[in-house]
Amino acid sequence: MLAILMIEMEWYKKDRTPTGAVLRQQYYMPKKIDKHVNLSGTGIFYKRCCYCQNGENISSNEDITEVLIYKKHKREAFTGSDEKQMRLAMLGSKRRKKEQGFFYTIDQLNIPCLAINEEGKNSYRIKWYDNMQGKPRRKGGNEDFGKKGTQFAGQPNVLNETAFILEEGQSGLLKYNYRHTYYQGQWYKCYYVYMVNENKLTYDIFLRNYDYEYNQLADLF
């Protein structure tokens, strides 16, 4: 069974400092799966943790969700009888459960720059590609250049390669980043993706020494 922990960090130009980098670094470490998460599903287990830095404060995706819900409904008393309130509460609960860890098929997964192919029995090929949505552009070998119908068929000088192949019992870590420009200025994103292929899913499955590490960490000037 393949288990994935994706950690995404976003920050802005004012926080591109040594102090800001030290603060961010502690959030990239692998985490345990929360004890109340059901581990008996099938498919690929995926846990997503998103963070946003603003000065000395770093907010998680769960923090941001709670704040948005509060701002939208702070003037409304929750009575439990209003259909709209009940529906929003159920959707919020379902979203939080998915972010704490959920099971997906390969086709349902949408992780930036990553493609996962199942190869044989209990084996996964993990591919990394430049999605061309940020800078700098990564260029190089395109494994799918001559494969008709694939995402990068016929496109030369596009970095699209196998990061590693995970047999059962093996694990790998991918690190990559991008710089984005908006009318308000520059902002940055860094991804740490922990991937473990084990027969049995446990709450501490991501706490280990990793067999492979693939890096696409560019200097985000």
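Begin by selecting Trp128, Tyr176, Tyr191 and Tyr214, which ring pairs link into a cluster; rings of Phe, Tyr and Trp (its six-membered ring) pair if their centres lie within 6.5 Å, and planes under 30 degrees apart count as stacked, over 60 as edge-to-face and the rest as tilted. The model in the viewer is predicted, so local features need pLDDT of at least 70 and side-chain atom pairs count only at pLDDT 80 or more, while totals for chains, interfaces and linings use all residues. Residues are numbered from 1 along each chain as its sequence is written, and side-chain values use heavy atoms, with hydrogens and water left out.

**The whole chain**

Among contacts (heavy atoms within 4.5 Å) between residues at least 6 apart in sequence, 67% join residues at least 24 apart.

**Aromatic pairs**

The count of aromatic pairs comes to twelve. Select Tyr28 and Tyr192, a stacked pair with 4.3 Å centre to centre and 5 degrees between the planes. Tyr28 lies in the loop between α1 (18-25) and β2 and Tyr192 in strand β9, so the pair ties together parts that are 164 residues apart in sequence. Tyr28 counts as buried at 4% relative accessibility, and Tyr192 is buried with a relative accessible area of 8%. Next select Tyr194 and Tyr210, whose rings form a tilted pair, 5.3 Å centre to centre with 55 degrees between the planes. Here Tyr194 lies in strand β9 and Tyr210 in the loop between β9 and β10 (212-216), so parts 16 residues apart in sequence are tied together.

**Charges over rings**

Show Arg24 and Trp11 together: Arg24 lies over the face of Trp11, at 4.0 Å from the ring centre, the criterion being NZ of Lys or CZ of Arg within 6 Å of the ring centre and within 35 degrees of the ring normal. Then move to Tyr178, where the charged end of Arg138 sits over the ring, 4.7 Å from its centre.

**Salt bridges**

A salt bridge is a side-chain nitrogen of Lys or Arg within 4 Å of a carboxyl oxygen of Asp or Glu, and the count comes to ten. Select Glu8 and Lys189, which form a salt bridge whose closest N and O atoms are 2.9 Å apart. This pair links distant parts of the chain, with Glu8 in strand β1 (residues 2-12) and Lys189 in strand β9 (residues 185-197), 181 residues apart. Both Glu8 and Lys189 are buried.

Continue to Asp144 and Lys127, whose side chains meet in a salt bridge (3.0 Å, N to O). Both Asp144 and Lys127 are buried, and salt bridges that share partners join Lys127, Glu143, Asp144 and Lys147 into one network. For another setting, select Arg125 and Glu119, a salt bridge at 2.4 Å, N to O, in which Arg125 counts as partly exposed at 22% relative accessibility and Glu119 as partly exposed at 30%.

Finish at strands β2 (residues 44-54) and β3, which run antiparallel and are joined by four bridges; two strands pair if DSSP finds at least two bridges between them. Cys52 stands opposite Ser59 in β3, and Gly55 takes a positive phi near 70 degrees in this hairpin, which has two residues between the strands. Strand β3 (residues 57-60) has a covered face, Ile58 and Ser60, and an uncovered one, Asn57 and Ser59.

Conventions:
Buried means under 20% relative accessible area, exposed over 50%, partly exposed in between (1.4 Å probe, protein chains only).
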